[in-house]
Amino acid sequence: GEEGVDAGGPYNDSISHICDELQSGALSLLVPCPNAAGNLGENRDKWVPRVEACSATQLALFNFLGKLMGSVAIRNRHPLALDLPTMVWRLLVGQSVDLSHLREIDLLSVQNLEHVREALREPITPEALEELVSDGRVCKKFVVQTSDGRLVELQPGGHDIDVTPDNLADWLQRAEQALLDQFRKPIRAMRDGLTVIVPLGLLSLLTAADIEFLVCGHPRLNLDLLKKHSDYGVGSGPDDAIVKMFWQVLEGFNDIERSQFLRFVWGRSRLPENPADWGQRFTLQVSNQENP
């Protein structure tokens, strides 16, 4: 291919392409969260690890993703445009998760679990259980549907064990725990890769918000920050009319358009937050050539 010659643009763009590919389904590592698939609830833009991506090759790729977070984002201060939910970041730093975190990405499953828990306040009759099954709130067998649509056994031989009024409470407890634990294997591989770069002792001191910010930076393009780190070509400055019009146009962009602009001019879609991490400033060169 053609050699890339630029002040960091090809490198920045290659990292952006990696993030795009990870969140495209092409690698079968990340999938849209259930809220996105069902078009309900919040965080429909979030991606979660594919639960069944547990082969040696896939776990090695998750491990590499963790190394990418540590080396490119944290060590080299290049934010990655990854849209992962709070639940993933909490598990990555070893924090506990509960149904409130699951609700952020899988509202329907949590609503079903809560409906069953409420139903168990009264003795469950066979007719009541049949209604729960027909409404899709309970599986007929000792299985539960995970975020990627698979049915996983809640205990050995679960596909052959009927859910009954007597064991419904046990099914509920196991189903809830299975949904909270569904991402642990791929995230463990990511964590192992991340700790190759970031010491485990340091990682355990971070919160989910801390690690997300270190890896991803801020998803919105801060125009004031960009202006603060901007230079202007010879014969132009921030008070020039054309320069002011340029910033006005950017102010009129939405978040996606601003990110696309930054990707076009710099090969990256997110800005470093720390001034010491910029490396190079944004330069706005005004052309003095008149239109023919």
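Trainee: Why is N112 called buried?
Mentor: Bear in mind that this is a predicted model. In it, N112 has 14% relative accessibility, and because buried means under 20% relative accessible area, N112 counts as buried. The residue is found in helix α6, and, not counting residues up to four places away in sequence, N112 touches G136 and R137.

Trainee: What makes the pairing of the side chains of N112 and R137 a polar contact?
Mentor: The two side chains come to 3.0 Å, and the cut-off for such a pair of N or O atoms is within 3.5 Å, so the pair of N112 and R137 qualifies as a polar contact.

Trainee: Which residues of α8 are buried, and what puts them on the same side?
Mentor: L168, W171, L172, A175, L179 and L180 are buried in α8, and because they cover an arc of only 160° around the axis, they lie on the same side of α8. Their cover includes α4, α5, α6, α7, β3 and α9.

Trainee: Which members of the largest nonpolar core touch the most other members?
Mentor: Of its 63 residues, these are M69, L80 and I211, while helix α3 (residues 56-75) supplies the largest share, 8 residues.

Notes:
Residues numbered from 1 in each chain as written. Predicted model: local features only at pLDDT ≥ 70, side-chain atom pairs only at ≥ 80, totals over all residues. Heavy atoms only, no water. Buried < 20%, exposed > 50% of the residue type's maximum accessible area, 1.4 Å probe, protein only. Helix = DSSP H or I, 4+ residues; strand = E, 2+ residues; numbered from the N terminus. Arc of directions from axis to C-beta. Contact = heavy atoms within 4.5 Å. Polar contact = N/O pair within 3.5 Å; in protein donor to acceptor, adjacent residues only side chain to side chain. Core = buried A, V, L, I, M, F, W, Y, C linked by side-chain atoms within 4.5 Å.
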